[in-house]
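Here are my notes on this one, as promised. Have the model open while you read.

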Amino acid sequence: QAQLVESGGGSVQAGRSLRLSCAGSGWIFSWPCMGWFRQFPGKEREGVAAISADGGPTYYVDSVKGRFTISRDNAMKTVYLQMNSLKPEDTALYYCAAMPGVSTCRGPLRRQDFGLWGQGTQVTVSS
């Protein structure tokens, strides 16, 4: 059974960094577009970043450009989200997602295009 498991969330002060990890299992990890979404309380899930099967092209929502970096290690079946210069407005529940059957990511990201999701990891940034 295909599965995604996120880790690396936590509570940090503004300006600090966190790295989220998403480990895939039970499927062929190397081919799909992989993305990170986040959800603020009472809001729709927002596509944050995505990375294509071979490591590029990538996509970032404007609010994280220059601060967040998405990467992947297909051998380890893991995708990462390095988050630097965190702001209180980055506080959210972060989800990893896969787009089976699609190798090249294109933005903006749409939730309905991603068919496999992790359980989410909380990121809290205090001022």
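Predicted model: local features only at pLDDT ≥ 70, side-chain atom pairs only at ≥ 80, totals over all residues.

1. Residues are numbered from 1 along each chain as its sequence is written, and side-chain values use heavy atoms, with hydrogens and water left out.

2. Cys22 sits in strand E3, residues 18–25 (strands are DSSP runs of at least two residues, numbered from the N terminus). Its relative accessible area is 0%, so Cys22 is buried (under 20%, with a 1.4 Å probe and protein chains only). Beyond its neighbours within four places in sequence, Cys22 is in contact with residues including Met34, Trp36 and Cys96 (contact means heavy atoms within 4.5 Å).

3. Arg38, in strand E4 (residues 33–39), counts as buried because its relative accessibility is 3%. Its side chain makes a polar contact with the side chain of Tyr94 at 3.0 Å (a pair of N or O atoms within 3.5 Å, one able to donate a hydrogen and the other to accept it; residues adjacent in sequence count only if both atoms are side-chain atoms).

4. The largest nonpolar core has 36 residues, and Met34, Trp36, Leu81, Met83 and Tyr94 touch the most other members (such a core is a set of buried Ala, Val, Leu, Ile, Met, Phe, Trp, Tyr and Cys residues joined through side-chain atoms within 4.5 Å). Strand E9 supplies the largest share, six residues.

Key:
Helix = DSSP H or I, 4+ residues; strand = E, 2+ residues; numbered from the N terminus. Buried < 20%, exposed > 50% of the residue type's maximum accessible area, 1.4 Å probe, protein only.
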